[in-house]
Amino acid sequence: MLALGFELYDEGARERVEQLQWVLAQRMLAAGSNVILENGFWSRRERNSYRSTAVALGANARLHYLDVPVEELKRRIILRNRERPTEAQVNPTDLDEWAVLFEPPGADELNG
């Protein structure tokens, strides 16, 4: 985001970047290449949408989920922020708000 001249917290820019990544990923999947996306995939609906599109393109879609406590994520952000310029830092307290919005995947998503 920063390399493209966007602010880290610019949600509109983030959405445009992720959409471009998804368009390119779909082209690669259609060509038979492997693709890994790391967008967060916060909701079941979003995960299902990406998965169904990938499967329709002939891909074998798998979800890998790392269940890490919010406090550990905050600790990692604090450490990363020490090495980043101010404009590239994430506010660790934002995780409290974001965690409420996240829908953890169910067993059916992880095994399906």
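Is Arg76 buried, partly exposed or exposed, and what is its relative accessible area? Arg76 counts as partly exposed, because its relative accessible area is 38%, where buried means under 20% relative accessible area, exposed over 50% and partly exposed in between (1.4 Å probe, protein chains only).

1. Basis of the note. The model is predicted, and local features need pLDDT of at least 70, side-chain atom pairs count only at pLDDT 80 or more, and totals for chains, interfaces and linings use all residues. Residues are numbered from 1 along each chain as its sequence is written, and side-chain values use heavy atoms, with hydrogens and water left out.

2. Arg76 and its partner. The side chain of Arg76 meets that of Glu72 in a salt bridge of 2.8 Å, N to O (a side-chain nitrogen of Lys or Arg within 4 Å of a carboxyl oxygen of Asp or Glu). Because Glu72 and Arg76 are four residues apart in helix 3, about one helical turn separates them; helices (H or I, at least four residues) and strands (E, at least two) are DSSP runs, numbered from the N terminus. Glu72, at 21% relative accessibility, is partly exposed.

3. Glu71 and Lys74 are joined through their side chains at 3.5 Å, N to O, in a salt bridge. The two residues lie three apart in helix 3, so their separation is about one helical turn. Their accessibilities are as follows: Glu71 is exposed, at 54% relative accessibility, whereas Lys74 is buried, at 13%.

4. Glu109 and Arg51 are both buried. A network of salt bridges links Arg44, Arg47, Arg51, Asp108 and Glu109.

5. Aromatic pairs. A pair of aromatic rings is described by the distance of the centres and the angle of the planes. Rings of Phe, Tyr and Trp (its six-membered ring) pair if their centres lie within 6.5 Å, and planes under 30 degrees apart count as stacked, over 60 as edge-to-face and the rest as tilted. The count comes to six aromatic pairs. Among them is the edge-to-face pair of Phe41 and Tyr50, at 4.9 Å centre to centre and with 80° between the planes. Phe41 and Tyr50 are both buried.

6. A stacked pair between loops. The pair of Tyr65 and Phe102 is stacked, because the ring centres are 5.9 Å apart and the planes stand at 25°. Tyr65 belongs to the loop between helix 2 (44-56) and helix 3 (70-81), and Phe102 to the loop between helix 4 (94-101) and helix 5 (107-111), so the pair ties together parts that are 37 residues apart in sequence. Tyr65 is partly exposed at 28% relative accessibility, and Phe102 is partly exposed at 25%. Tyr65 and Phe102 belong to one aromatic cluster with Tyr9, Trp42 and Trp98.

7. The segment before helix 1. Glu7 lies in the segment before helix 1 (11-30). Glu7 counts as exposed, at 56% relative accessibility. Glu7 and Glu87 are 80 residues apart in sequence, and their C-alpha atoms are 7.3 Å apart in space.
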